[in-house]
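Subject: Structure handover

Hello,

Please find the structure below. My notes on it follow.

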Amino acid sequence: MAADPYPRTLSFSSSYNFRDVGGYAGLDGRPVRWRRLFRSDALHRLKGADLETFQQLGVRTVIDLRRVFEIEQHGRVPEADWLAYHNPVVHHVDWETIPFAADLPHDRWLADRYLNFIEDGHDGLATALSLIADPEAAPVVVHCMAGKDRTGVVCALTLALLGVSDEDIADDYALTEQAMTSLTDYLLRTNPDAVQDKYHMFECPQNAMLYFLADLRERYGSVEKYVREIGISGEQVAAMRDHLLES
């Protein structure tokens with residue numbers, strides 16, 4: 001098996017979960033193109049050498065999925081002439097208001113939260129997918145706060161539309177687990193209330209993504225039928241496949 005031409009995980013001193021989603025086998029065996037779509041945790045800490053490295057990736061578009069109060073509290077990616085910034089909020093119920101029952105498997109609890117995203121957050125998801133489908137916007141980075149849940153769902157929907165297997169999508173999602181260790185260490189130093197008694201929110205079991213994708217198909221028939229229902233056209237799906245899959 002040939003080695004990946006690029007590292008999947010990119011190292012920044014101020015970002016803990018920045019990855020390329022390229023390389024996975026898609027429709028007709030065509031791999032997802034590298035350096036076209038990235039996923040990340042929040043980018044407000046980028047500065048100095050990190051910002052220079054970020055610029056060297058050629059990113060043209062940032063999709064920030066966070067809610068307004070999160071941006072007001074933490075800030076956003078630094079403004080730059082070469083960077084288009086979009087904030088398609090993925091609305092959802094506040095997770096802290098949802099009891100975490102000890103007898104409910106955590107992967108099932110997470111999958112239910114992701115199903116809430118596709119029901120309550122479809123406007124933000126549609127905008128994010130429209131941007132990802134636009135070849136003129138690429139390279140794109142999509143992020144939320146930790147780069148795990150809202151970002152994970154957007155990337156899962158994108159990869160599914162590209163024909164990537166559920167197993168590869170779940171594997172990509174689970175890569176965040178290692179990044180969460182560094183992120184939680186940082187939060188314990190800077191904002192411990194965001195972590196303490198909430199460790200279950202930072203886990204990334206593969207089954208959570210597998211359950212989510214299976215449940216979505218049970219409700220809507222397919223990922224493509226779901227995105228069509230929220231406003232993504234067949235032409236946009238075709239454009240996404242054309243520019244994000246190798247020819």
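**Loop between strand 1 and strand 2**

Arg35 sits in the loop between strand 1 and strand 2; helices (H or I, at least four residues) and strands (E, at least two) are DSSP runs, numbered from the N terminus. This is a predicted model, in which local features need pLDDT of at least 70 and side-chain atom pairs count only at pLDDT 80 or more, while totals for chains, interfaces and linings use all residues. Residues are numbered from 1 along each chain as its sequence is written, and side-chain values use heavy atoms, with hydrogens and water left out.

Arg35 is not a glycine, yet its phi is positive, near 60°. With a relative accessibility of 16%, Arg35 counts as buried (buried means under 20% relative accessible area, exposed over 50%, partly exposed in between; 1.4 Å probe, protein chains only). Asp28 lies in the loop between strand 1 (19-20) and strand 2. Asp28 also has a positive phi, about 55°, without being a glycine, but Asp28 is exposed, at 77% relative accessible area. For background, most residues other than glycine have a negative phi, and most peptide bonds are trans.

**Cis peptide**

The peptide bond that joins Ala138 and Pro139 is cis, with omega about -5°. Pro139 is in the loop between helix 4 (122-133) and strand 5 (140-143).

**Strand 2**

Phe38 is part of strand 2 and is buried, at 0% relative accessible area. Leaving out residues up to four places away in sequence, Phe38 touches Leu10, Phe18, Arg19, Asp20, Leu57, Val59, Pro139, Val140, Val141 and Val142 (contact means heavy atoms within 4.5 Å).

Beyond four places in sequence, the contacts of Ser40 include Asn17, Phe18, Val141, Val142 and Thr151.

**Helix 8**

Helix 8 (residues 206-220) has 15 residues and spans 22 Å from first C-alpha to last, close to the expected 21 Å (1.5 Å times one less than the number of residues). Its buried residues are Ala208, Met209, Phe212, Leu213, Asp215, Leu216 and Tyr220. Viewed down the axis of helix 8, these residues fall within an arc of 165°, so they line one face; the arc is that of the directions from the helix axis to the C-beta atoms. They pack against helix 3 (106-120), helix 5 (150-161), helix 6 (166-174) and helix 9 (223-229). Gly221, with a positive phi near 100°, follows helix 8.

Regards
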